[in-house]
Amino acid sequence: MSPSIGGMGRAEEIASARGCGLHDHLCWSFASDDELAAVATDFLADGLEAGLRVGIIVPGDPAAARARLHGLGDVEALVADGRLIVDPVAERYADGRPFVPAEQLARCEEALDEALADGFAGLRIVADVSPLVVDPECRATFARYEQLVGRLIAERPFSALCAYDRRLVAPETLRELACVHPLTPTGLVPFALAAGDGDRVVLRGELDVAGATLFARALASLPDPTAAGVPIEIDAQGLEFADHRALLLLERHARDRGMRIVVRGAPPIVARVAELLELPSVEVEVAA
Amino acid sequence: MTAGPPAHHDGYLHETALYDSDEELVALVEHFVQEGLEAGEPTLLTFDQPTLELLHDAIDDLDGVLLPPSPGRKANPAGALTQLRRRFTELVRSGATGIRVIGDVPHRGTGAPWEAWLRYEAAVNGALAEFPLWGVCTYDRRITPPDVVEDVLATHPFVMEPEGGRRRNGRFVEPSAFLRARPPGPLLGDGDDGPPDVDRRGVTPAEARAVVVAAGQALPDDALARLRLVVSETVANARVHGAGEVRLRLWTGIDRTVVVVSDEGGGPADPCVGLLPATDDPLADGGRGLWMAHQLCTDISLAYGDGFSVRMALDART
């Protein structure tokens, strides 16, 4: 059974973008327009069938993107009906202005509310935001935004595929952004740490010295607890391995933010290591 | 019968007492405890349960004596050392100017892994030096193998004489030198180990974990999980702190699986490393991998010379 975030959405490595659910949040990479079109068609076709408004947001000319989506059916009719949106990044994201996660999240939510008001079951988006993350300085901010989107996805009928162009985006950036998505292509990143609904976070995969920096960055991208004194709850049912460094990183994260972390469903050996380390701010519970 | 620490002795007096009968042990402990009560010094007994019962039956005032929080007889050396240091720190903080500890140390004759406890005996000379401590490590000569007795004499600066009094032990070897020079024993037990079942060079921690899981299918889940962790931690250490190629060799015995992780460097400067965490700061980066391994393995030893290796054994029944 794939570990879920508060009962909504999957968290695992995937081989395709087909069969996605109302609360799925995927990361994908591509190196050609056709590759993007293929994965977008897979993802959005299922969305149309489920009665969702679907959309694709691209950096370049939307007309060219529209032309490549013929796999979805009569694209012009879909657009005319409002069932399919094809928009440029410049229109949907802050163009030229500094990127502010909370503002962009509000725009997402507006679009979702519109879709629901227009009678759709929800919203599903493919977004190629590669130009926004080319600058390494933007990485951390964008990762924080991804976590906020992740929470929205877990809480409401919104699903998204974040597509990154390997021709533009450095491998390290891709990995850093991938590991904050519950669903990632097989073999891309060793773990995922993704915000779910409320104060829940899902953690799956393996945490060792090779991924330590990546894990530290992923922790830094997590949203703060919803209220003071509330612990972050990490669902670790999909955690396959964690070394002592990873637990120390959790402790540091909790301590720096003056909060507690509760890890649930961890393998017994992880609980044992946590016990030996005597972490003041982190509690590890074993799977029942 | 026994002489207290000489007035001018500073810090830790590490002494051993070898006994040949229950009566001898009782007399030894009784006098030690009595003197401690008279001097107002907290006294800890670290014997196993059966021996404690024997002592309780034979000695009246034993109830006034502090016992360490029960680690259980399966306590590992690293855990025991950490707990003792913590206890001593508390005692000093609450005003103790002298502390006494007496107890048996596990060894092969008691069914415990000797390499690990020997390292403990060598390491305490330094690790407990800061405390105003008189520690007597007792060994029952009836069940202590001769080679263990030799090792005991090499790791204790003082020996308690049967008729009382104490002699400075001429056979004491400086701990660091003793451990560095110690030849590694056989891995799987008494016999010849033979070639390893797996031999991989240039492994990453992830690859090492996969090797352990593939080879360790006969181990119970808990033992396998522990082996996987300690091997991953040790390979990580070798890659971060070691030099040259990191090599993993694995032997599967009937009840025991052994993994040796080696690198081509000179190893840690302090051969006692791993028995204590590298630092007291809970958030300091790394430095606890080897200490974890000491807590979680059935037996563990370090070997210097021709590179550096960590030798870890996990028994099926631990």
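Biologist: Is Gly98(B) buried or exposed?

Modeller: In this predicted model, where local features need pLDDT of at least 70, side-chain atom pairs count only at pLDDT 80 or more and totals for chains, interfaces and linings use all residues, side-chain values use heavy atoms, with hydrogens and water left out. Residues are numbered from 1 along each chain as its sequence is written, and chains are lettered from A and ligands numbered from 1 in the order in which they are written. Buried means under 20% relative accessible area, exposed over 50% and partly exposed in between, with a 1.4 Å probe and protein chains only. Gly98(B) has a relative accessibility of 6%, so it counts as buried.

Biologist: Where does Gly98(B) lie, and which residues does it touch beyond those up to four places away in sequence?

Modeller: Gly98(B) belongs to the loop between α3 (77-93) and β3 of chain B; helices (H or I, at least four residues) and strands (E, at least two) are DSSP runs, numbered from the N terminus. A contact requires heavy atoms within 4.5 Å. Leaving out residues up to four places away in sequence, Gly98(B) touches Glu41(B), Pro42(B) and Pro132(B).

Biologist: What separates the C-alpha atoms of Gly98(B) and Ala58(B)?

Modeller: Along the chain, Gly98(B) and Ala58(B) are 40 residues apart.

Biologist: Which residues of helix α2 of chain B are buried, and why do they line one face?

Modeller: Helix α2 (residues 49-58) of chain B has Thr51(B), Leu52(B) and Leu55(B) as its buried residues. Seen down the axis of α2(B), these fall within an arc of 100°, so they line one face of the helix; the arc is that of the directions from the helix axis to the C-beta atoms. On the other side of α2(B), the exposed residues are Gln49(B), Pro50(B) and Asp57(B). The cover over the buried residues of α2(B) includes α1 (22-39), β2 (43-45) and β3 (99-104) of chain B.

Biologist: How many residues of helix α9 of chain B are buried?

Modeller: Helix α9 (residues 289-296) of chain B is mostly covered. Among its buried residues are Trp291(B), Met292(B) and His294(B).

Biologist: Which residues does Ser309(B) contact, aside from neighbours within four places in sequence?

Modeller: Ser309(B) is part of strand β11 of chain B, and at 11% relative accessibility it counts as buried. Apart from neighbours within four places, its contacts are Val260(B), Val261(B), Ser262(B), Ser301(B), Leu302(B) and Ala303(B).

Biologist: What is the phi of Asp306(B)?

Modeller: Most residues other than glycine have a negative phi. Asp306(B) lies in the loop between β10 (299-304) and β11 (308-315) of chain B, and at 86% relative accessibility it counts as exposed. Although not a glycine, Asp306(B) has a positive phi of about 60°.

Biologist: In chain A, what is the phi of Glu278(A)?

Modeller: Glu278(A) sits in the loop between α11 (268-277) and β14 (282-286) of chain A. With a relative accessible area of 47%, Glu278(A) is partly exposed. Its phi is positive, in a residue other than glycine, and is near 55°.

Biologist: What radius of gyration does chain A have?

Modeller: The radius is taken over C-alpha atoms, and the globule rule is 2.2 Å times the number of residues to the power 0.38. With 288 residues, a compact globule would have a radius near 19 Å, and chain A agrees with this at 19 Å.
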